[in-house]
Amino acid sequence: MPDAPFDLILLPTWLVPVEPAGVVLENHALCIRDGRIALIAPREQALRHQAHERRELPGMLLAPGLVNAHGHGAMTLFRGLADDLPLMTWLQEHIWPAEAKWVDESFARDGTELAIAEQLQGGVTCFSDMYFFPEIISEQVHESGIRAQICVPILDFPIPGARTADEALRKGVALFDDLKHHPRINIALGPHAPYSVSDDKFETIRVLVAEMDVAIHMHVHETAHEVQQALADHGERPLARLARMQLLGPRFQAVHMTQVDDEDLRLLVENNCSVIHCPESNLKLASGFCPVERLWTAGVNVAIGTDGAASNNDLDLLGETRTAALLAKAVAGSATALDAHRALRMATLNGARALGIDDCTGSLEMGKFADLVAFDLSGLAQQPIYDPVSQLVYASGRSCVRHVWVGGKQLLDDGRLTRMDEAKLIATAQQWGRKIGAGDRP
């Protein structure tokens with residue numbers, strides 16, 4: 001009996017599977033059936049098969065969807081609110097007071113929807129989000145069609161949506177139970193940082209992680225000041241404290257890690273932790289430089305994130321990848337550090353691996369979900385093309401994103417969102433901007 005027809009055959013000029021590493025396929029097709037990649041084959045071979053739809057993608061590079069491994073989506077509504085300030089001043093004197101005044105369920109809903117739309121237009125098919133009202137965020141992810149890891153924020157003081165850390169954890173466990181079979185949403189625990197969570201709460205988190213088999217997503221070693229303060233307060237570096245409390249492991253996602261000494265590196269390697277690199281936020285807040293090449297060479301999985309739009313100020317992961325590649329060379333003192341192909345891997349498969357979903361997304365392999373992005377490299381600024389991946393990373397911007405699929409469903413078609421109203425999103429964001437800018441809550 002012949003195979004059932006494919007749902008869709010895509011015919012790009014270049015196909016970059018990411019795994020195997022460094023491969024660029026020309027004159028190949030990718031075939032989708034039931035939301036998954038069913039065949040990657042030379043064009044002529046693929047066209048012998050029946051399909052409900054065939055789509056030519058001339059001048060385009062088809063790659064795995066980008067994975068934004070760290071962000072605070074709803075903070076799009078604080079974009080540009082408090083620029084050009086150091087981290088703790090920015091956080092304690094501006095962002096935390098603004099959150100206390102403005103963040104409610106409607107803020108989380110509208111800001112997250114704006115963030116999802118911006119990321120889809122930039123080729124992101126999966127993102128990790130750590131922000132208040134995670135149940136509202138999960139609703140927006142479900143409706144939009146994107147894939148996400150939603151991190152339950154945990155701090156020692158009251159936050160929007162949870163008066164105590166214990167309440168946040170109870171709500172997080174309930175959300176995990178509600179969504180544990182969702183095909184596109186994973187729940188993780190998101191203790192904010194070592195300096196904002198006490199030992200007793202870390203012990204509760206350790207027990208829950210063991211019981212639920214969930215990831216821990218946390219800001220760690222973001223600045224030199226954080227490390228110095230930890231040494232003064234606890235007599236040990238933050239990562240060492242987390243190791244002592246048995247929180248490190250393959251599901252631990254250490255965000256930022258701009259401060260890495262030999263012992264930190266040993267702990268990351270021995271516990272098989274992932275590091276999430278946020279270069280533009282680190283640069284803007286003068287937080288420091290993550291030693292990406294050193295981590296990668298030692299065998300640490302390094303992914304990439306934008307952080308929130310309040311400290312970046314965009315959710316442009318392709319731009320972030322270019323910055324990461326350039327910065328890695330300067331930090332390592334080597335022009336060969338983090339080449340274009342590895343940079344793309346960091347933005348795709350490494351991100352999926354950090355989130356624990358590399359078995360089903362992050363690369364173009366048969367059986368994985370059809371999470372795809374088509375980049376248009378036919379423009380003047382990309383010519384001539386010797387290595388399409390180099391042109392993508394070093395000579396292109398997110399404006400070259402043309403099409404995005406998540407689980408085989410097209411969410412961006414020729415640059416247009418298929419499920420979201422862009423004009424409405426802009427109007428809603430502008431309305432929030434007027435209210436926040438005026439400083440008066442209606």
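Biologist: Which helix gives the largest share of the lining of the largest pocket?

Modeller: Please keep in mind that this is a predicted model. The largest share, eight residues, comes from helix 2, which spans residues 87-102. The pocket holds about 400 Å³ of space, and of the 30 residues that line it, Leu91, Trp96, Glu99, Phe132 and His192 are the closest to its centre.

Biologist: How do the residues of that lining divide into nonpolar, polar and charged?

Modeller: In the lining of the largest pocket there are 20 nonpolar residues, together with seven polar and three charged.

Biologist: Which residues lie nearest the centre of the second largest pocket?

Modeller: They are Lys180, His182, Ile185, Asn186 and Ile357, from a lining of 25 residues, and the space in this second largest pocket is about 340 Å³. Strand 9 supplies the largest share of its lining, four residues, while strand 8 (147-154) and helix 5 (165-179) are also among the elements that each supply at least two. By class, this lining has 14 nonpolar, four polar and seven charged residues.

Biologist: How many cavities of 30 Å³ or more does the structure hold?

Modeller: A cavity differs from a pocket in that a 1.4 Å probe fits inside but cannot get out, and the structure holds two cavities of 30 Å³ or more. The largest cavity has a volume of about 70 Å³, and its lining includes Phe133, Pro134, Val152 and Lys171. The second largest cavity, with a volume of about 40 Å³, is lined by residues that include Asn68, His72, Asp129 and Leu315, and strand 7 (residues 124-130) gives the most to that lining, with three residues.

Biologist: How do the two cavity linings divide by class?

Modeller: The lining of the largest cavity has eight nonpolar residues, one polar and two charged, whereas that of the second largest cavity has two nonpolar, seven polar and two charged.

Biologist: At what angle do helix 3 and helix 16 pack, and why is helix 3 called oblique to helix 16?

Modeller: Helix 3 (residues 105-121) and helix 16 (residues 422-438) pack at an angle of about 130 degrees, with their axes 10 Å apart. Because of that angle, helix 3 is oblique to helix 16, for an angle counts as roughly perpendicular from 65 to 115 degrees and as roughly antiparallel over 145. The crossing of helix 3 and helix 16 is left-handed.

Biologist: Which residues meet there?

Modeller: Among them are Phe107, Leu114 and Ala117 in helix 3, and Leu425, Trp432 and Ile436 in helix 16; the residues of this contact divide into seven nonpolar, three polar and three charged.

Key: Residues are numbered from 1 along each chain as its sequence is written. This is a predicted model: local features need pLDDT of at least 70, side-chain atom pairs count only at pLDDT 80 or more; totals for chains, interfaces and linings use all residues. Side-chain values use heavy atoms; hydrogens and water are left out. On a 1 Å grid over the protein atoms alone, a cavity is a set of points where a 1.4 Å probe fits but cannot get out, and a pocket is an open set with protein on both sides within 12 Å along at least five of seven lines; lining residues have an atom within 4 Å of a point. Grid points are joined across faces, edges and corners, and a volume is the space filled by probe spheres set on the points. Ala, Val, Leu, Ile, Met, Phe, Trp, Tyr, Cys and Pro count as nonpolar, Asp, Glu, Lys and Arg as charged, and the others, Gly among them, as polar. Axes are lines fitted to C-alpha atoms, for helices over the stretch in contact, and angles run from 0 to 180 degrees between N-to-C directions. Angles under 35 degrees count as roughly parallel, over 145 as roughly antiparallel, 65 to 115 as roughly perpendicular and the rest as oblique. A crossing is left-handed if the near helix is turned anticlockwise from the far one by less than a right angle, and right-handed if clockwise. Contact means heavy atoms within 4.5 Å.
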